[in-house]
Amino acid sequence: MDNDNSNFTLNYNNVQDLDEEFEITEISSLYNNNEETEYQYSDDISDINIDIGDVNDFRNYKNRNIILQKVIGFFNSLEKVYCPDEALENLKNYKYNSVDKSYVSKYILKPYWEFCTKLFPLSMAPNLITLTGFSFMVINLIFVIIFVPDLESPTSSWFYFSCALGLWLYSTFDNVDGKQARRTKQSSPLGELFDHGCDSLNCAVGSIVEAAALGLGQTYYSYIFTMITIFTFFFSTWENYYTGCLYLGYVNGPTEGIILGTIVMMLSGIFGVEMWWKPLSYYLGTWVESIVTEKCKLVDVLLIFMFLFSFITQIPITIYSVRKACQRKGESFLSALTNTLPFLIYASSTFFWISSPYTTVLTDHHILFTITIGIVFGRIATDIILAHVSNRPYPKFTTLIFPIVLGAFLINIPSIFHCGPLLNATGELIFLWVIFGICCVFYFHWAISIIRRFCKYLDINCLTIKHRVVF
């Protein structure tokens, strides 16, 4: 065959209803030594016979490529939906603003953080410090899954000390990253977004680790612990959007809360996790039973304290601050309150799911459930920060909420329609794994897309320093 005829179009005999023609390159070499394929070449190149199986294989291969290209094209098209060009233009107006009233931070931890900052090389990017700090919590999560999958069973003391160390290192790195950014002249809106993104994911990760350290088990205790953390973080982020300032009070979660969590884990390592489940009278004497019931345990006091700290002091203050900010800007406070509705739908859905008598989340796969709702919350909270740093309207609704709402509905179908359960224990577990996978794919695609858009526009790298300042 001449090279001049190596590329040509074939009409296939004995193959009906082909709706397209295929261009075949080097047909002679492609079908060489194929005993099942017969072909003839003549001046009339339309007279060629080939095996129909080869044609179908080629068509299937081409169709798979088309489907793959469409999927990739779909995800690529979402990048500008996640972060439109006008949002990038607004980054030039970005300015970080925060207030920390904590005396512990100011007089004790600040010198410690300054010392730790100098331990990092100037070549290390601030976001890499953030990610490294978060990785300590992820390692602790892996330890929980391996050694305390039921979030209850006592284990070796080193586990609890590891959890305490991981939480403390996470907090240290979380406070050092901003100082490293100013030290290396690398402050950017991506830094705030990346930092708060990791913090929002840690609401679920950290609560699982703390639940294991307290021996809370796959119970309402663990769920309440998680939701207290999530509620506090959400309203702080909501306040940040409307006031333009991250406000940390005289007693706050990122400082005193972290210290308390670290001490709790260390105590579990020293005295055993059983200490939290002894009645309060064991520590204070029988007189305390005249005030509380004999069933009141030390862990109950700890959770009540956390609840009061969050819902009596922290959240009301954030609502008051947003109200003042709206009045100052001439904006509707009612509109700001209404914007919390998607989050409240998300939180309510998690409660209706876990409280259903037909769920097995509280007995078999609480960790998977918590991680899944944690990823969804990470998207909710980080979306608000994205709107804040890019000066965009408050995000009305996050589509990742839908799988949680759907799960709560499916589990409660017997209660709603007075019929038999739609999902048994295995079905619920499969459903959980499916929505976990979906949430992971869409969350991390969203996060990576935003990072790529920010890096390209700001001409920076995420985890390395692209333009180093000479000191």
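Helices here are DSSP runs of H or I with at least four residues, and strands are E runs of at least two. Keep that handy for these exercises on a predicted model.

**Exercise 1. What are the helix and strand percentages of residues 334-354, and how far apart are the end C-alpha atoms?**

Start with the record: an unreviewed UniProt entry lists 334-354 among its "transmembrane region" spans. Next, go through the secondary structure, which comes out at 90% helix and 0% strand.

**Exercise 2. Is Pro84 buried or exposed, and which residues does Pro84 touch beyond four places away in sequence?**

First, locate Pro84: look in the loop between helix 3 (79-82) and helix 4 (85-89). Then check its relative accessibility, which is 12%. Buried means under 20%, so Pro84 counts as buried. Last, look for partners: leaving out residues up to four places away in sequence, Pro84 touches Arg392 and Arg453. With Arg453, the sequence separation is 369 residues, yet the C-alpha atoms are 9.2 Å apart.

Zooming out, 78% of the chain's contacts with a separation of 6 or more are between residues 24 or more positions apart.

**Exercise 3. Which residues make the nonpolar surface patch of about 750 Å², and which helix gives the most to it?**

Pick out the members: Tyr103, Tyr107, Ile108, Tyr247, Tyr250, Val251 and Ile317. Then sort them by element: helix 5 (residues 103-117) gives the most, with three residues. Tyr107 lies in that helix. As a check on Tyr107, its relative accessible area is 54%; the cut-off for exposed is over 50%, so Tyr107 is exposed.

For scale, the protein chain exposes about 24,400 Å², and carbon and sulfur atoms supply 61% of that.

**Exercise 4. How many disulfides does the structure hold, and where is the cysteine sulfur nearest to that of Cys439?**

The disulfide count is zero. For Cys439, the nearest cysteine sulfur belongs to Cys440, at 7.2 Å. A disulfide needs the sulfur atoms within 2.5 Å, so Cys439 is in no disulfide.

Cys439 has a relative accessible area of 0%, so it is buried. Cys203 is buried too, at 4%. Across the chain, buried residues make up 47% of the 471 residues.

Conventions: Residues are numbered from 1 along each chain as its sequence is written. This is a predicted model: local features need pLDDT of at least 70, side-chain atom pairs count only at pLDDT 80 or more; totals for chains, interfaces and linings use all residues. Side-chain values use heavy atoms; hydrogens and water are left out. Patches are made of residues with over 30% relative accessible area and no salt bridge: like charges are joined within 9 Å, nonpolar side chains (Val, Leu, Ile, Met, Phe, Trp, Tyr) within 5 Å. Accessible areas come from the Shrake-Rupley method with a 1.4 Å probe; for residues, only the protein chains shown count as cover. A salt bridge is a side-chain nitrogen of Lys or Arg within 4 Å of a carboxyl oxygen of Asp or Glu. Buried means under 20% relative accessible area, exposed over 50%, partly exposed in between (1.4 Å probe, protein chains only). Contact means heavy atoms within 4.5 Å. UniProt positions are given in the numbering used here, feature names are shortened, and annotations may be inferred rather than shown by experiment.
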